[in-house]
Structures are given as structure tokens and as C-alpha cells.
Amino acid sequence: MDVPSSPKNTRKPIGFAPPFIDDDTIRAVERVLRSGWITTGPETAAFEKELAAYCGTDAAVCGGSWTGLAGGILDWFGVGPGDEVILPSYTYCATANVVLHRGATPVMVDLPSPLNQDGFNLTWDAVFPHLSARTKVIMPVDVGGWPTCIGDWTTKLEHWTTSHGFQANSEVQATLGRPLLLLDAAHSLGASIDGQSVGAQADLSVFSFHAVKNLTTAEGGAVTLSLPSSFDPTEVGKKLRMLSLHGQSKDAASKYHASGRDAWRYDVIAPGFKCNMTDIQAAMGRVALARYGADLEKRHTLADRYDAGFANWGPAHLPKRRDERRQTSDHLYALRLTDLIETERNDLIQQLREVDIAANVHFQPLPLLSAYAQRGHDPKDHPEALAAYACEISLPLHLHLEFEDVDRVIATVKRAHAVILSQRTPGSNPA
């Protein structure tokens, strides 16, 4: 299938989400490389303080990946065999993988029907029927950067706990006295609810700084802490840092700056994992965070351009981006073309590729993946997630784009869609 277009070699390729690395970033990395201190140290500590201030939270802890941090949080909370973690089936596998790694059970929840103001996100009404005596954590996902109003869930969860009880298996669980609200905010740094940046609404919120994210440190992530007053955020942050360094009580910087004959000595408090952030990564993150307001504004204007181009075009269901309380981070532009079936959506992506426009799909519902199908998760139990996935296409949205690039993507999507409809058998409507 060929899309009518200008010759392929006359137009620049449009990548899906290439990272934005400017000269300031390169200079910051060079500065750290020349400093002689490249692992976790003063740069990481400064980045943590700046992130906490940006999100309006008590503290932030940086790590080598979203996965490492989320897993460390589950370990800190005492999640293990026999426990359940409620999460959406419409997410990337990392959300559920960290649960399996602890021997716990991921309880997958389908999308609401029909998709409404919450977009691809979980709702409290969808979560509520899955709460049980084994529920230790509820982990919604801000898909595409559209924020979940998880702060509204705290009172409802406390009421449920009062009625049904909570069986704590660890001292930390007993201190909280209810299931943990852990937000997968991998997409939503800079999104806001009621004027407050995402990061302060859940007990803990975990961000990703992977190469394709709005703010990147190549790999890496951070968790922001907004726990009840019964917790000391400094102590919790210290414990999470230890768990990201094999449970070691001193990191390299602490040993270096300590004095005395036993300055080198450390203990291992718990068998943690290795997922600390380096100062090289933190230097990248600090530069990106300093300009992040301007970066978000450009992403918003690009997504506005998509909205204008697809407005009033019948097949298009636009992503949720703003309402009276919320503003997205515009990490993804997740368009749904509801008159296409899955194979036709795939054909459309291929047609874009043939004219050097990259697109993607977010996400394959977890039960479609072998690792989860083999564990008894049936796609038929998640019809809304399957329906949303089958017609979703994520279009390029990044800082290298200009309006003319967005216009080209819009025009090409519409032409490809017309080609697909023209090739249907007369009278058929598979969607």
C-alpha cells in the first residue's frame, strides 16, 4: 500500500521520540566527567532536591530505572508471596513485572466502558471490586501523561479499610494501615491536577527518565514521597536509596567523606538491588529540569496542532489533554481511529513508515503477552483494553518537531486512512 506523497528522499524523516540533547546538556556531562566523580554523588543529591521542589513533595529519590525504584518500593513495603497488587491491564509490562519479581500477584483491571474523561487510566470504580484482604498496593498508570486523580482515592480507600480491615505483614504496612497508593507516573512528569504538579497526590509516585521520555537521563527515574505524617520522609528516602545499592548502608560518596579508621566500613541492611543513579545521568536531568517549563509548552503547542488538524474528522478520537482540573504532560499523542480494526491500524503504521514517519502503539494489553497469558491471564477478560489497543496509534511528539512536521503527519494519516477504506470489500465494515 503506497500513500500518495512527495518522493521519499525529498523530506526529512520524522522520528517517533528522539531525545533532545542540547549543548548545555553536553557541557554538564563533560563537567561531571572532568570532576573525577561520576557515580552517585553531589549531582544526584542536587537533582533530587530540585525534583522534590518541582513536584512540591517532601523528598525525591533518584535511581537507575523506573523498574528498580518501583521494585525497591515494593520490597520496602513488604510485598511478597500471597499479596496482591491492583494495576491496569492497559500498561507496559514493567508495571506488572516488578510485582511478579516479588512473588506477589498482579490483579489486572480492564479499562472503563466506555472510555471517558479518564482516558486510558484506571478509575476508582474499576478498582473497587478487586479490593480484597490480600490487596497491599494499588498502582494506577498515567498513560500518555494524562494524570489519574489518585489523590481523590485516599479517603475512599481509608473508608474501605475501616469496613474491611487491613492485615499488615510488615512494620511499614502497619504504620500506613491500608494499601499503598503507588502511582506509575512514568509518563506524567509536569502534568498537573488542581494546579499541583503530579508527584504529590499518591503516597509514592515513580517517574521514568528513559531515552524517549519528556525529560531524559538516558536511563533512570525518580520516586517522589508524599506519605502521611506517620512517616519520616528523610528516613524513607534513606531506606529506598539503600535498597537501590544492594542494601548497603553507605554509598561511595558517604564513605569518601567519612573520617576515622572505620570510614570504609559499611553494613548491608537488606538484600537490595543495584539501581542507583550516576552523577552523569543527574547532570543531564538537572539541565532538562531547568528548561522543562519551556519544553512542556512546546509539547502542548504541538499537541494543540494535532488536535486542530484532527478536529471534526469523524474517525478520530482525540486523547484527553485538559479538563477543569487536569493538564497532561503530553508525553504521547495517542489517537484512536475507531473505524479501523487491528490489522488495518497496523497497515496505517506501515504506510507512515514507508514515507519516513515513525509511529507506535501504546500499549499491548498485558494478557496478550506470552509471559502473562502463560500465567492464566485471558485477553477475553479485558475487552475494553483490547478494543482501545486495536485502534490506537501514537504519533510523533517531541521537541525536534515543527508545525510543518505535524501538518505532514496529519495529512499522511488521513491519506493512509482513505487508502485503507478504499481497499475494503464493497459493503464490508470490519470495525
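A close look at the strands

Mentor: Let's start with strand S12 (residues 333-337), which runs antiparallel to S13 and is joined to S13 by four bridges. Strands here are DSSP E runs of at least two residues and helices are H or I runs of at least four, numbered from the N terminus; two strands pair if DSSP finds at least two bridges between them. Mind you, this is a predicted model, where local features need pLDDT of at least 70, side-chain atom pairs count only at pLDDT 80 or more, and totals for chains, interfaces and linings use all residues. Residues are numbered from 1 along each chain as its sequence is written, and side-chain values use heavy atoms, with hydrogens and water left out.

Back to the pair: Leu-335 has Ile-393 in S13 as its bridge partner. Ile-393 and Leu-395 point one way from S13 (residues 392-395), while Glu-392 and Ser-394 point the other. All four are buried, as in under 20% relative accessible area with a 1.4 Å probe, protein chains only.

Now for the open sheet: its seven strands go S1-S9-S8-S5-S4-S2-S3, with mixed pairing. S1 (59-63) and S3 (105-109) are the edges, each pairing on one side only. From one strand to the next, the twist averages 25°; axes are lines fitted to C-alpha atoms (for helices, over the stretch in contact), and angles run from 0 to 180 degrees between N-to-C directions.

Within that sheet, S8 (residues 204-208) and S9 (residues 221-225) pair antiparallel over five bridges, and Ser-205 has Thr-224 in S9 as its bridge partner. Helix H3 (residues 66-77) packs on the sheet, touching S1, S4 (135-138), S5, S8 and S9, where contact means heavy atoms within 4.5 Å. H3's direction makes about 160° with that of S8. Helix H2 (residues 42-55) lies across S1, S8 and S9, at about 130° to S1.

Notes
Buried means under 20% relative accessible area, exposed over 50%, partly exposed in between (1.4 Å probe, protein chains only).
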